[in-house]
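Subject: Structure for you to look at

Hello,

Here is the structure I promised to pass on. Please open it and keep it beside you while you read my notes.

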Amino acid sequence: MIEWDATREFCFHDGSGGHIVHGGMVTTLLDTAMGGACWATLEDGESFLTADLRAEFLRSARPGTLRAEGRVVQRNRRVAFCSADLYQDGQLVATARCTQIIRAS
């Protein structure tokens with residue numbers, strides 16, 4: 001899990017006086033949560049690279065605390081499939097999935 005306090009510096013105006021967190025920052029949080037989950041499954045001498053990453057934005061993230069929770073859905077010797085959810089104020093804001101390639105370091 002990773003939390004970040006989004007400030008207006010990482011937002012753009014929504015046209016009605018509010019602010020929306022940049023989608024790249026949302027994706028970074030999701031990717032970091034999945035990477036941390038994958039890292040926790042590695043054995044000595046292993047590393048990983050992201051092969052693909054997909055994010056779905058369900059609602060706008062606003063300035064404030066964002067919390068991403070990542071997990072490994074399935075892992076074998078060479079590949080890990082991960083997912084993550086991003087929450088703000090208890091509401092699901094975005095989800096992501098990725099495929100990690102496991103490599104011998």
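Gln 100 is found in strand β7. Keep in mind that this is a predicted model. Is Gln 100 buried or exposed? Its relative accessibility is 0%. The cut-off for buried is under 20%, so Gln 100 counts as buried.

What does the side chain of Gln 100 join by a polar contact? The partner is the side chain of Thr 50, at 2.9 Å. Gln 100 touches other residues as well, leaving out those up to four places away in sequence. Among them are Met 34, Gly 35 and Cys 38.

Now step back to the whole chain. It has 1 helix and 7 strands. Starting at the N terminus, the elements run β-β-β-α-β-β-β-β. The C-alpha atoms fill a box of roughly 50 × 20 × 20 Å along the principal axes. The chain has 105 residues, and 36% of them count as buried.

Strands of a sheet pair through backbone hydrogen bonds, either parallel or antiparallel. Here 5 strands form an open sheet, and the pairing is antiparallel. Their order is β1-β5-β6-β7-β4. Which strands sit at the edges? They are β1 (2-6) and β4 (46-57), and each pairs on one side only. From one strand to the next, the twist averages 25 degrees.

Walk across the sheet with me:

- β1 and β5 pair over 5 bridges. Trp 4 stands opposite Leu 66 in β5.
- β5 and β6 are joined by 8 bridges. A hairpin of 3 residues links these two strands. Arg 75 has Ala 80 in β6 as its bridge partner.
- β6 (residues 79-88) and β7 (residues 91-104) pair over 10 bridges. Tyr 87 has Leu 92 in β7 as its bridge partner.

Look at the loop between β6 and β7, where Asp 89 lies. Most residues other than glycine have a negative phi. Asp 89 has a positive one, near 50 degrees. Is Asp 89 buried or exposed? Its relative accessibility is 76%, so Asp 89 counts as exposed.

Then the core. The largest nonpolar core has 24 residues. Which of them touch the most other members? They are Val 21, Val 26, Leu 30, Leu 66 and Leu 86. At least two residues each come from β1, α1, β5, β6 and β7. The most come from α1, which gives 6.

Find Leu 30 in your viewer. Setting aside neighbours within four places in sequence, Leu 30 is in contact with Ala 55, Ala 68, Ala 84, Asp 85, Leu 86, Ala 94, Thr 95 and Ala 96. Leu 86 also belongs to the core.

That is the tour. Send me your questions once you have had a look.

Best wishes

How values were computed:
Residues numbered from 1 in each chain as written. Predicted model: local features only at pLDDT ≥ 70, side-chain atom pairs only at ≥ 80, totals over all residues. Heavy atoms only, no water. Pairing = 2+ DSSP bridges. Helix = DSSP H or I, 4+ residues; strand = E, 2+ residues; numbered from the N terminus. Axes fitted to C-alpha atoms, helices over the stretch in contact; angles between N-to-C directions. Buried < 20%, exposed > 50% of the residue type's maximum accessible area, 1.4 Å probe, protein only. Polar contact = N/O pair within 3.5 Å; in protein donor to acceptor, adjacent residues only side chain to side chain. Contact = heavy atoms within 4.5 Å. Core = buried A, V, L, I, M, F, W, Y, C linked by side-chain atoms within 4.5 Å.
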